[in-house]
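Subject: Structure for you to look at

Hello,

I am handing over the structure we discussed.

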Amino acid sequence: MYAGTPPAMLSANGGASGPFDHDTPPEKPAGHYSRSRFERVLRAGHFAVTAELAPPDSVDPDEVYRRAAVFDGWVDAINATDGSGANVHMSAVSICALLTRAGYSPVMQMSCRDRNRIAMQGDVLGAAAMGVGCILCLTGDGVQVGDQPGAKPVFDLGSVSLLRMIRYMRDEKRFLSGRPLTKGPEVFLGAAENPFSPPYEFRPLRLKKKVEAGAQFIQTQYCFDIPLFRRFMDRVCDMGLHEKVFILVGVGALPSARTARWVRSHVPGVHIPEECVRRLEQAQNPAAEGRKLCVELMQQIKETRGVSGIHVMSPRQEQYLGEIVKESGVLGGRRPFCRGDPQLPMAQPAHHGV
Amino acid sequence: MYAMRRWSVRHARGLEWLYDTFAAFMLMLDPLWRRIGYERLEGPAATVEKAVKGFLFDCRMCGHCVLSHTGMSCPMNCPKALRNGPCGGVRPDGMCEIEPEMRCVWIEAYEGSLRMRNPGNIETINGHIDETFKNRSSWLRVTHEAAEARRGLREASAADLVRGRN
């Protein structure tokens, strides 16, 4: 087998069933937009957990599988980032190709920074052909923050027009030019939102725009400020948006006060209140305290009205993901996909009005 | 000019009135524009538009003017050219993620929209840019389209009258 050997293809499926695992139905369930496990979990009304995979700086596919393996049994979908922080890594579309071969349910992130509409439409078709069921539409960080500040920023589309474009490809089975597709991409569409960045009053309206443009799920920026988050969610629920879109809230474990300060000043849009930093500073074991803080945030987030799940982003701390998710109890005893499992109970579809 | 651009947002209400009046005036002169020819007017109109809007809004002549939806803050001044709201990277002090010395154009837009007659316009979804419209007059195109729509309506009603007689 070329380009690495997805372990699932060697075990349960004996390598015979192609890129899709036993848990993926051949047809999408009624009322669904994709065959993705992630969409099924959300529509069944479960509290979902997703995690971000750190893309390798390598051509070794086993690095992708090793990084994905730590999430086994803990997450419903794995996000493949697209040059996040404007740094070059293995591309999202290729990480997704590897992940779908092993039976994972990836969320492919697409940023508008590096490609124009011609390249993006081509990638949407290719990704869907390889079994990608979820696409997260992002604007993308500016090139200035990354390792190639001399690159030309593209931004031919923005996140909202990207959502509209992919929805048009899916629902009308046409390219943006109107040229017909013989088969449209069956994808569950997502977008990001940052409730923790000004203008705070405008953020719920921006979410509404994204929902109107086609967003079916939302993954937010890191949440460290529960009062600010609840104010945002109150407004979102007042507008009835929580019934139209599944909202997953971003969390992460901070390993030290120094890292917290660095992230706050260097990563655009991350808001970390001073009391969180102080808590880490005063702790005897800051890394353990950071994980404890993350667990507490997850529990408080789950209790917030209108929230459908958690999105864990913990660069270089992925090995603790299982421990954090288990401690928080957000899965409520449910066991998400694990490559080794012979048979998984398939989530029963329930309509959620999306 | 940055200071002028911010002045325009502070005076969004007045500029909105000026714009509406100007649009009505342009539409009134449609017979004249048609006589000269819209295509022939393109060059001079784009030059005037670029000078005026460049001065007031730091206009980039994208050809898809949406100032009435964005509180008179031109979204093309956003380094990511975002046309539907701010990105998630806006700094806590309201400054741009990429150009820290510039206020986020969408913070400006939101403030400007609150001063306008219909603040809800900012919720309109603006479509993607068609690059072939770049450096063309948006005033002329809007006038032309409005005039054609109006003529279309008139022609339809005339046709209805004819049908009624038959």
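The notes below go through the interface, then the backbone, the salt bridges and a pair of helices.

Please bear in mind that this is a predicted model.

Interface of chain A and chain B

In chain A, 29 residues are in contact with 28 residues of chain B. The two chains bury about 2300 Å² between them, and 59% of that lies on carbon and sulfur atoms. On the chain A side, the residues that lose the most area to chain B are A:Pro198, A:Phe202 and A:Lys209, which together account for 24% of what that side buries.

Polar contact was counted as well: twelve residue pairs are found across the interface of chain A and chain B, both residues being at pLDDT 80 or more. Helix 6 (159-171) and helix 7 (203-213) of chain A each supply at least two residues of the side that touches chain B. Which helix of chain A gives the most to that side? Helix 7 does, with seven residues. By class, the residues of chain A on this side divide into eleven nonpolar, nine polar and nine charged.

The count of salt bridges between chain A and chain B is one. A:Lys208 and B:Glu123 make a salt bridge through their side chains, at 2.6 Å from N to O.

Backbone

Most residues other than glycine have a negative phi, and most peptide bonds are trans. Two places in chain A are worth a look here. The peptide bond from A:Pro198 to A:Pro199 is cis, its omega being near 0 degrees. A:Pro199 sits in the loop between strand 5 (188-193) and helix 7 of chain A. A:Phe155 is not a glycine, yet its phi is positive, at about 45 degrees. That residue, A:Phe155, lies in the loop between strand 4 (134-138) and helix 6 of chain A.

Salt bridges

Over all chains, a search of the whole structure finds 33 salt bridges. One pairs the side chains of A:Arg203 and A:Glu193, at 3.3 Å from N to O. This pair links distant parts of the chain, with A:Arg203 in helix 7 and A:Glu193 in strand 5 of chain A, ten residues apart.

Helix 9 and helix 10

In chain A, helix 9 (residues 257-266) packs with helix 10 (residues 274-282) at an angle of about 155 degrees, and their axes are 8 Å apart. How do the two helices of chain A run relative to each other, roughly parallel or roughly antiparallel? Angles over 145 degrees count as roughly antiparallel, so helix 9 and helix 10 of chain A are roughly antiparallel to each other. Helix 9 makes the contact with A:Ala257, A:Ala260, A:Arg261 and A:Arg264, and helix 10 with A:Glu274, A:Val277, A:Leu280 and A:Glu281. By class, this contact has four nonpolar, no polar and four charged residues.

Regards

Note on methods: Residues numbered from 1 in each chain as written. Chains lettered and ligands numbered in written order. Predicted model: local features only at pLDDT ≥ 70, side-chain atom pairs only at ≥ 80, totals over all residues. Heavy atoms only, no water. Axes fitted to C-alpha atoms, helices over the stretch in contact; angles between N-to-C directions. Helix = DSSP H or I, 4+ residues; strand = E, 2+ residues; numbered from the N terminus. Parallel < 35°, antiparallel > 145°, perpendicular 65-115°, else oblique. Contact = heavy atoms within 4.5 Å. Nonpolar A, V, L, I, M, F, W, Y, C, P; charged D, E, K, R; others polar. Buried area = accessible area lost by both parts, 1.4 Å probe. Salt bridge = Lys/Arg side-chain N within 4 Å of Asp/Glu carboxyl O. Polar contact = N/O pair within 3.5 Å; in protein donor to acceptor, adjacent residues only side chain to side chain.
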